Amino acid sequence: MVETILEDITEEDAKKKVINKQAELINALQRKNSLLEKQLKQYKEREEATSLQVTIPAEEENQVRLADVGGLDAVIDKLHEFRYGLAHPTLYDYYVINPPESLFMYGPPGTGKTMIAKALATELETFFVNLRLTDVIDKYVGETEKTLRIILDKSFEAYKKTGRKVLVFLDEAEQLLTKRGYHSHGVMDRAVVTLNDFMDGASGKKEGIILVAATNKIEMVDEALLRAGRFSYVVEIPPPDLKGLEQIFRKQVSLQERRQKQRLGGEAHGIYQELDYRSIAATMHQQGFTGADVHEALAIAARNKIKDFIENDELSASAYLGTDDIMAAVNQRCQQRYLTASGSFSKQRRIGFSNDSG
Ligand SMILES: Nc1ncnc2c1ncn2[C@@H]1O[C@H](COP(=O)(O)OP(=O)(O)OP(=O)(O)O)[C@@H](O)[C@H]1O
Ligand SMILES: [Mg+2]
């Protein structure tokens, strides 16, 4: 009797265990499934976004903010006014002026134009459409104009549907805003008209769209387009001076630390030792670094450390990146720049070194 009861209990237990195990498995599968579904959805959104240039919100992890941009305090200060425009439209109504709704940036490569566009989208909580004009420009007559119109229409639709504004970033803007008569074939002229109509509000679909354009070839751009008051702000994004470089460097370091925390949570232990910012920035300045060079030098330092781990099997000194590590990376970056500038290396650079995680 006792035995049968015991048997029953153990059998019952075993069954329960199996059921529990099954439930656990099902749960795990469901979690995995919903994760997969989420990923699939994100993937689809992204695919749609790249093929149709439809909007997606700025991705969480790589979000940058205006406060992460270094060495451009006056410009950044001005950009905060975009927020006032969104938050207090009635004040602008009262004084019968338009709130800021478009921005044109010019300056050499790697100085932060794209970063600013993304940061503005984050600050304003808009969708972000990143449009490299060379990708849009089509050799077939009328196609560029059509693509541009579709993108602007879709952005407007997205705004109407969600109430969330859309920041359309026209990168390589010189491709579209070229001096008159530059396009001998006239293919682009109608695209320019489309954009002009849009900016003048003629299409009736300007609402909800913030247009940001950038170029590093200002000499190609029609000054009349910039002077005519079409853009709310036209700002120069110059290469950083010494003070600016130090600020960029500090901000890039904090940004990387913040991203590590976002990614690893409790597992995050920091990346850098206390650094000698001043002397590193001085070297960077001597070498004519831009913000993009700073970003790249930090990536090189990390890559060197990883290589060290793997090849020496254990931590030689410390997992943290110190002043010496960064200095070495800065020199490597100079070497790369030298090789790239001499032209013999430009292809390798694109394949091997370019690493702009935004
Ligand atoms: N002023 C800056 N402050 C902080 N980081 C910067 C700054 N400028 C550049 N960076 C870093 O360099 C990266 C590349 O810069 P970005 O792509 O914004 O340059 P860009 O001006 O758009 O260049 P291009 O004219 O070639 O498109 C940024 O993602 C950022 O990591
Ligand atoms: Mg750019």
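**Ligand 1 and its surroundings in a predicted model**

A polar side-chain atom of Asn 216 comes to 2.7 Å from an oxygen atom of ligand 1, and this distance, like the other values below, belongs to a predicted model. The protein as a whole covers 89% of the 620 Å² of accessible area that ligand 1 has on its own. The points that follow take up the ligand shell, then the nonpolar core, and then a few individual residues.

**The shell around ligand 1**

- Ligand 1 is surrounded by 19 residues, of which the closest are Gly 110, Lys 113, Thr 114, Asn 216 and Gln 252.
- Sorted by class, this shell around ligand 1 is made up of 10 polar, 6 nonpolar and 3 charged residues.

- Although Gly 70 and Gln 247 are 177 residues apart in sequence, their C-alpha atoms are 5.3 Å apart in space.

**The largest nonpolar core**

- The largest nonpolar core holds 29 residues, and those with the most contacts inside it are Phe 104, Leu 170 and Leu 177.
- At least two residues of this core come from each of strand 3 (127–132), helix 6 (133–136), helix 7 (143–162), strand 4 (166–171), helix 8 (189–200), strand 5 (209–215) and helix 9 (223–227).
- Helix 7 supplies the largest share of this core, with 6 residues.

**Buried residues and their partners**

- Ser 102 belongs to strand 2 (residues 102–106), and its relative accessibility of 3% is why it counts as buried.
- The side chain of Ser 102 reaches the backbone nitrogen of Ser 232 at a distance of 2.9 Å.
- Glu 174 is found in the loop between strand 4 and helix 8, where it is buried because its relative accessible area is 2%.
- Glu 174 and Met 220 are 46 residues apart along the chain, yet their C-alpha atoms are separated by 5.9 Å.
- Tyr 277 is part of helix 11 (residues 277–286), and with a relative accessible area of 12% it is likewise buried.
- Between Tyr 277 and Arg 250, which are 27 residues apart in sequence, the C-alpha to C-alpha distance is 7.2 Å.

**Backbone angles to check**

- Most residues other than glycine have a negative phi.
- Val 96 has a positive phi of about 50° although it is not a glycine, and Val 96 sits in the loop between helix 4 (89–94) and strand 2.
- Val 96 counts as exposed because its relative accessibility is 72%, where exposed means over 50%.
- Glu 172, which is not a glycine either, has a positive phi of about 60°, and its place is in the loop between strand 4 and helix 8.

Terms used. Residues numbered from 1 in each chain as written. Chains lettered and ligands numbered in written order. Predicted model: local features only at pLDDT ≥ 70, side-chain atom pairs only at ≥ 80, totals over all residues. Heavy atoms only, no water. Near = heavy atom within 4 Å. Polar contact = N/O pair within 3.5 Å; in protein donor to acceptor, adjacent residues only side chain to side chain. Areas by Shrake-Rupley, 256 points an atom, 1.4 Å probe, with all protein chains shown as cover. Nonpolar A, V, L, I, M, F, W, Y, C, P; charged D, E, K, R; others polar. Core = buried A, V, L, I, M, F, W, Y, C linked by side-chain atoms within 4.5 Å. Buried < 20%, exposed > 50% of the residue type's maximum accessible area, 1.4 Å probe, protein only. Helix = DSSP H or I, 4+ residues; strand = E, 2+ residues; numbered from the N terminus.
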